[in-house]
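Here's a quick walk through this one, starting with a single side chain and then zooming out to the whole chain. Have the structure open as you read.

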Amino acid sequence: QVQLLESGGGLVQPGGSLSLSCAASGAILSINTMAWYRQAPGKQRELVATIAKVGSTNYADSVKGRFTISRDNTKNTVYLQMSSLKPEDTAVYYCNAEILSWTLRSENYWGQGTQVTVSS
């Protein structure tokens, strides 16, 4: 069984910074693309950033230049460094990973979500 465990959410003032991490554990053979999504109240879940196994990244236009996604393949962990945070960044942040498990099936897994609130 594969699990994604997120940590690092919280309350931060506008203009502040916050870091999220997400560690995958369980019967993992390899991890392909890892990503962060977010969902604000009353809105659909949206893609924030992705990172391929080799390290290439993509970002939503709304976070370019402010957020940085990275990963440590030795720890099966993905990170999201967020800076210059705005109230509109307030959302539940979810990590997502495409994981090949010992069942030899590649599936998408989701973390439980972590709340990020940007407010003064």
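## Asn96 and its surroundings

In this predicted model, a polar atom of the Asn96 side chain sits 3.3 Å from the backbone oxygen of Tyr109. The Asn96 side chain also makes a polar contact with another side chain, that of Asn108. Here are the two side by side:

| Asn96 side chain with | Distance |
|---|---|
| Tyr109, backbone oxygen | 3.3 Å |
| Asn108, side chain | 3.3 Å |

Where does Asn96 sit in the fold? Look at strand E9, which covers residues 91–101. And is Asn96 buried or exposed? Its relative accessible area is 8%, and the cut-off for buried is under 20%, so Asn96 counts as buried.

Leaving aside residues up to four places away in sequence, Asn96 touches Leu4, Thr33, Met34, Ala35, Tyr37, Asn108, Tyr109 and Trp110. So much for the close-up.

Zooming out, the protein has 11 strands and 0 helices. Of its 120 residues, 39% are buried. Looking at contacts with a separation of 6 or more, 55% are between residues 24 or more positions apart.

As for overall dimensions, the C-alpha trace spans about 45 × 25 × 25 Å along its principal axes. The radius of gyration is 14 Å, which agrees with the value near 14 Å that a compact globule of 120 residues would have.

Conventions. Residues are numbered from 1 along each chain as its sequence is written. This is a predicted model: local features need pLDDT of at least 70, side-chain atom pairs count only at pLDDT 80 or more; totals for chains, interfaces and linings use all residues. Side-chain values use heavy atoms; hydrogens and water are left out. Helices (H or I, at least four residues) and strands (E, at least two) are DSSP runs, numbered from the N terminus. The radius of gyration is taken over C-alpha atoms; the globule rule is 2.2 Å times the number of residues to the power 0.38. Buried means under 20% relative accessible area, exposed over 50%, partly exposed in between (1.4 Å probe, protein chains only). Contact means heavy atoms within 4.5 Å. A polar contact is a pair of N or O atoms within 3.5 Å; within protein, one must be able to donate a hydrogen and the other to accept it, and residues adjacent in sequence count only if both atoms are side-chain atoms.
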